[in-house]
Each structure stands twice: as structure tokens, then as C-alpha cells.
There are 2 protein chains.
Amino acid sequence: MHRHEGHDACHGDVADMLARAEAVCRERGLQFTPLRREVMEAVAEAGKAQGAYDIAEKLSAPGKRVAPVSVYRALDFLMQQGLVHRIASRNAFIPCAHGHAPGEGVVFLICRTCGGVDEASSEMLEDGLDRTLKRAGFTPAHSILEVEGDCGACRERQQAG
Amino acid sequence: MHRHEGHDACHGDVADMLARAEAVCRERGLQFTPLRREVMEAVAEAGKAQGAYDIAEKLSAPGKRVAPVSVYRALDFLMQQGLVHRIASRNAFIPCAHGHAPGEGVVFLICRTCGGVDEASSEMLEDGLDRTLKRAGFTPAHSILEVEGDCGACRERQQAG
DNA sequence: GGCGGCAGTGATACACTGTAACAAACCCGC
DNA sequence: GCGGGTTTGTTACAGTGTATCACTGCCGCC
């Protein structure tokens, strides 16, 4: 349902994520270009949500500048393919931790201490939201569910400290 | 639970909102200054979410310019008092339609056709979210729940047209 | 009355986020 | 090789938000 034991546990998944991204693109007849790969990698290997400009800087090197606009384009592509999510409350991006249908209700759990972002989804939540919307006579197209707080690891760390 | 029959029905509430804002400030020993009042009014009387720059422009007149930064300060104040909400997905602001505890789970229903924003809250949703968070071992501090779609009025209008 | 502190405001400048527009490079089938 | 689509580079710009400093007005106090 969700990942991250601590927020380092996920770093090992970078290779998996890249492999999945490549597979998805091949499946759909789309190009997984070097730039897209680099952007995906940058998002995947960061332990927390990355801003587009952060990524641009990270990918830039003396003699090889990657402009933010290029990063945005790659991110748009990756988001369309469901490989990356945008965190609206942070203007930042994270890798999609698990395959889920596009548009499915996923909540982002954003730790205000470590900055890590976890994905969670649940039937109960989905049900509650659906009924609330139905009662309001509202037809949903796209949802943004983000909760800021403290993740388990950081809370323990604080209590210990 | 929620308001807005159509999105004009709420315009009559402007006076109420201003009165409530004034009452809240007096209660808490805070100043409801002319600027804050004007910003509150601008947010309240618009049928849809207003950007800070929109408000600044609206309040400006030949000879009396209101800078965005002033609007932001007023908005920050009004948000702290729970009189105004920020819609993260739009970078825009709406008046709080009803008194609810700060931090309580409220979902914003954003109509992509008319731009109107409705507030809804429900126990079911709250429960679902709480359990999802608990299961993930996450302690919430602040939630952003925004759904974009079509409100009842606009959907009917589309089917009719 | 004068004085000092404080909240609020004005004004300028700036940082950050995102997009538009156009040109150049690339790939691929024909 | 050629035409057409996609991708990328580059520049410029629009939109959103913050930092900083100066000024005002108010209130309490000596």
C-alpha cells in the first residue's frame, strides 16, 4: 500500500523505477530519451520532492547546461505516463512509488521534518470522498490530496531526541 | 454542509462575511483595518477564486495603487484567522464559507467550467483519511484536499445546451 | 508635551515557478 | 536524400511570492 520504512530505504529502488519507466515507454511506443531518463533518475534518487529548477541545476554541469524549460517538458511527459507526481503544495515532483491507475485517489503524505513524501491510498478514503462529492452534486475529474505532518520515523526520532 | 445553489446565490453573503470577519477580529483583539476589509470584501464578492494580483488590481484606482505585497500580507492575516482559504491548485483565494475549526478536513470542490469553489466536509471522508493516515503511521498537521470537476449547475447547463 | 515601541502599510527590488515562441537537431519511414 | 513528426535548445517573458527598508499612526509612558 505504501513504501518507505525510513526514507533511505527507497534509494535502492532507483534502478527499478528507471526500468519500469523504460518498460512503460516501450510498451506505449514512446521515447525514453536520455534527457527524460536523467530527469526520471534525478527525481527518483532524491529522498524528497524536487523542484524543477533543482533538477535543472542537478543535471547541469560546466559546459552542459540543462534549462528549466527542458526539465518541465520532461516532467510533463513523465507525469502523463504516471511515472512522476507533482506535489502542488510544494511546487515539486516525486517519483510514483507504485503503479496505480491514473486519476485514482492517492494521498501524498509529506513529512515536514525530513521532507520525504509517501503515497497512500485506501478504499475507505476513496469511498468517503466519492460520497461527499455525490452528496454535493459534484462530478470529479482530478483530485489533489496532500497531507503535511510528521512521518513515523521522524516522530520517533523526535521523541527519542 | 455546503453552500452555493448557483454561484450567484453567495453574493448576498458578502455583508455577513464582512460582519463575521470584523467580529472575529474584535473578539481576538486584532485590527480589522481598511485594507484588510477591502481585501476580504474583494475575495468575498468575487464568485470565484481570486489571485492576489487580481485583488491588487481590483483595489487599485488611478491615484491609489495597492501593491500585491500588501494584498499578500492582508491575505496571510485573513488566512491565519480562518476567514480566507488558499486554493493551492489555482494559486488563488476564496472566502471561508462557514465557520469550521482550523485544520479540520474540508474539501474544496473547484468547478472547471464556472470557476466557482465550494467547500464540503463530511465525517466519512474525515474518518477515511484518519484511518489511512494512522495505518501509514503518519501524524497530520495540515491537509490540502482539492477536487477539480464540474459542479451540478454547470453539468445541467451542459446537458441542456 | 515629548519619547519610544509596535503593528500596519508603502515601495522597491528580487527570487522562484512556469509558459510561449521559434529555431535547430534528431529520427524514421519512404 | 526528403518530408514530417517529435524532441531539445534558447530566449524571452508572465505569474506568483518574499525580503528589505522606510514611513506612518497609534498607544502607553515618563
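Colleague: What does chain A average in pLDDT?
Modeller: Chain A averages a pLDDT of 89, and 88% of the residues score at least 70.

Colleague: Where in chain A does pLDDT stay under 50?
Modeller: That applies to residues 1-11 of chain A, for which the model has 23 contacts beyond four places in sequence. Where pLDDT is low, the predicted coordinates should not be read in detail.

Colleague: Turning to chain B, in which helix is B:Ala21 found?
Modeller: B:Ala21 belongs to helix α1 of chain B, which covers residues 14-28.

Colleague: Is B:Ala21 buried or exposed?
Modeller: B:Ala21 counts as buried because its relative accessibility is 0%, and the cut-off for buried is under 20%.

Colleague: Which residues is it in contact with, leaving aside neighbours within four places in sequence?
Modeller: B:Ala21 is then in contact with B:Phe32, B:Met40 and B:Leu83.

Colleague: And how many residues apart in sequence are B:Ala21 and B:Gln81?
Modeller: They are 60 residues apart in sequence, with a C-alpha to C-alpha distance of 8.5 Å.

Colleague: At what angle do helices α2 and α4 of chain B pack?
Modeller: Helix α2 (residues 34-45) and helix α4 (residues 68-80) of chain B pack at about 80°, with their axes 9 Å apart. The two helices are therefore roughly perpendicular to each other.

Colleague: Which residues make that contact?
Modeller: From α2(B) come B:Leu35, B:Arg36, B:Val39, B:Met40 and B:Val43, and from α4(B) come B:Ser70, B:Ala74, B:Leu75, B:Phe77 and B:Leu78.

Colleague: How many of them are nonpolar, polar and charged?
Modeller: The contact of α2(B) with α4(B) has eight nonpolar residues, one polar and one charged.

Definitions and conventions:
Residues are numbered from 1 along each chain as its sequence is written. Chains are lettered from A and ligands numbered from 1 in the order in which they are written. This is a predicted model: local features need pLDDT of at least 70, side-chain atom pairs count only at pLDDT 80 or more; totals for chains, interfaces and linings use all residues. Side-chain values use heavy atoms; hydrogens and water are left out. pLDDT is the predictor's confidence in each residue, from 0 to 100. Contact means heavy atoms within 4.5 Å. Helices (H or I, at least four residues) and strands (E, at least two) are DSSP runs, numbered from the N terminus. Buried means under 20% relative accessible area, exposed over 50%, partly exposed in between (1.4 Å probe, protein chains only). Axes are lines fitted to C-alpha atoms, for helices over the stretch in contact, and angles run from 0 to 180 degrees between N-to-C directions. Angles under 35 degrees count as roughly parallel, over 145 as roughly antiparallel, 65 to 115 as roughly perpendicular and the rest as oblique. Ala, Val, Leu, Ile, Met, Phe, Trp, Tyr, Cys and Pro count as nonpolar, Asp, Glu, Lys and Arg as charged, and the others, Gly among them, as polar.
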